[in-house]
Amino acid sequence: MMLALEMYRSPAKYLAAKAVRGRIPGMLTGPAAPLRLVTINEPKAERDGWARIRPILSGICGSDLGMVTGSTKLYFSAVVSLPFVPGHEIVGELLDDCEDLPRGTRVVMDSVLTCAARGVEPCDGCSSGNTNRCDRITVGHVAPGLQTGFCQDTGGGWGNLLVAHRSQLYAVPDGMSDERAVLVEPLAGAVHAALRANVQPGQSVLVSGAGAVGLFATLALRELTQAGRITVVAKHAKQRELARAFGASDVVAPDEVFRGVRRSTGAFRLKPEFGAPEFLLGGVDVAVDAVGSKDSIDTVLRVTKAGGRVVLSGMPAGGADLSPVWFRELEVTGTYASARQEPNGLPAFETALELAGRAPLDGIVGARYPLYRWREALDHAHSAGRLGTVKVAFDVRAS
């Protein structure tokens, strides 16, 4: 038996969370949360290539918060299996030998449950190295689940034990701290986003959002591309400081975006009638939305030059006005998780491990909580930007 936080099916709580979201503090991690601390059976590693992992630290991701607060679209309900233990950003210790990885190895995990993990013939995505595009995430000998942390059979990082397939695992270098290692999974997502953005030498880039997704995207863009000016939209003082440390050329507040982009690119600023949102003729070459909100997506669409590229790195909430996509002939690109073969020919996790070893990441994990303080942890993560925190994690060893 093990202690874990379990996400369970509750239509009433889902609807309640959607109804009160953002209006009643504490409600979303209290009565409206379809999450509970329970003692449950440990998941089993019964097939070849699978092993048990004891999580050390497990991060709280924006997608986790969306799940708890009811903001995640029902689109994703077909690719999860309830009840499940959340947590896909982990550093943990192998409890079993796993092919070439001996017991006791510290590992990080690519959470996507691909064809290899499911024991089925590779789909087109997996065959080409685009493992994040796997078409078999609901079949095979593992319950439906797009990732570990959304699958009934595997457990997740918000519990005392999970199971993973060798294809998901990467050994952590001996000199790397747990606090850096737990950031490798979101860093891998940022590596994928930066490379998918296909920034050409000298091109201008806007990153909307300076939470973990936006900050890591900024770091990856600066380290892995030849981007010219990178402008980051940041609300809070600590976010502005870190954006500059991670490579931003300029940092602007949300209400300064149009003014800042117009000034740096020479674009024309237009204001439609009857209070409709303004937009630019001209603008940045590439824009990365790292928030997923309607306002953020509307903004990046309206400040990107004709023929430019908009990268959706945050999980989209919907409702954005797509008029600029049509009128300005914008290329809109999604970036989900990370791939085993990125455009640079390497797995995103290998690049992310290298970045985690040398980037200025000290203090990025700003708070750690035991599982039994999960309500405090989620409240903190929900207000992380305002509180000057980038990443909140569960210290599973203390649970």
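The tour starts with the whole protein and then visits pairs of charged side chains.

**Stop 1: the whole chain.** Keep in mind that this is a predicted model. Show the cartoon view, where the secondary structure comes to 13 helices and 17 strands. A compact globule of 399 residues would have a radius of gyration near 21 Å, and the protein, at 21 Å, agrees with that.

Stop 2: The protein exposes about 16900 Å², with carbon and sulfur atoms supplying 50% of it. Of the 399 residues, 57% count as buried. Among contacts between residues at least 6 apart in sequence, 70% join residues at least 24 apart.

**Stop 3: the charges.** Colour the side chains by charge. You will find 43 positive and 41 negative ones, and the centres of the two sets lie 7 Å apart. Side chains of opposite charge can pair when their charged atoms come close. How many salt bridges does a search of the whole structure find? The search finds 19.

**Stop 4: Arg166 and Asp100.** Select these two residues and show their side chains, which meet in a salt bridge at 2.7 Å, N to O. Arg166 lies in the loop between strands S6 (162-165) and S7 (169-171), and Asp100 in the loop between strands S4 (90-94) and S5 (106-109), so the pair ties together parts that are 66 residues apart in sequence. Is Arg166 buried or exposed? Arg166 is buried, with a relative accessible area of 18%, whereas Asp100 is exposed, at 54%.

**Stop 5: Arg180 and Asp362.** Select this pair next; the two side chains meet in a salt bridge at 3.0 Å, N to O. The pair links distant parts of the chain, 182 residues apart: Arg180 sits in helix H5 (residues 178-181), and Asp362 in the loop between helix H12 (348-358) and strand S16 (365-369). Arg180 is buried, with a relative accessible area of 14%, while Asp362 counts as exposed at 65%.

**Stop 6: Glu278 and Arg269.** Zoom in on this salt bridge, where the closest N and O atoms are 2.5 Å apart. Glu278 counts as buried at 19% relative accessibility, and Arg269 as partly exposed at 35%.

**Last stop: a network.** Finally, select Arg106, Asp178, Asp395 and Arg397 together; salt bridges that share partners join them into one network.

Note on methods: Residues are numbered from 1 along each chain as its sequence is written. This is a predicted model: local features need pLDDT of at least 70, side-chain atom pairs count only at pLDDT 80 or more; totals for chains, interfaces and linings use all residues. Side-chain values use heavy atoms; hydrogens and water are left out. A salt bridge is a side-chain nitrogen of Lys or Arg within 4 Å of a carboxyl oxygen of Asp or Glu. Helices (H or I, at least four residues) and strands (E, at least two) are DSSP runs, numbered from the N terminus. Buried means under 20% relative accessible area, exposed over 50%, partly exposed in between (1.4 Å probe, protein chains only). The radius of gyration is taken over C-alpha atoms; the globule rule is 2.2 Å times the number of residues to the power 0.38. Contact means heavy atoms within 4.5 Å. Accessible areas come from the Shrake-Rupley method with a 1.4 Å probe; for residues, only the protein chains shown count as cover. Lys and Arg count as positive and Asp and Glu as negative; His and the chain ends are not counted. The place of a charge is taken as NZ of Lys, CZ of Arg, CG of Asp or CD of Glu.
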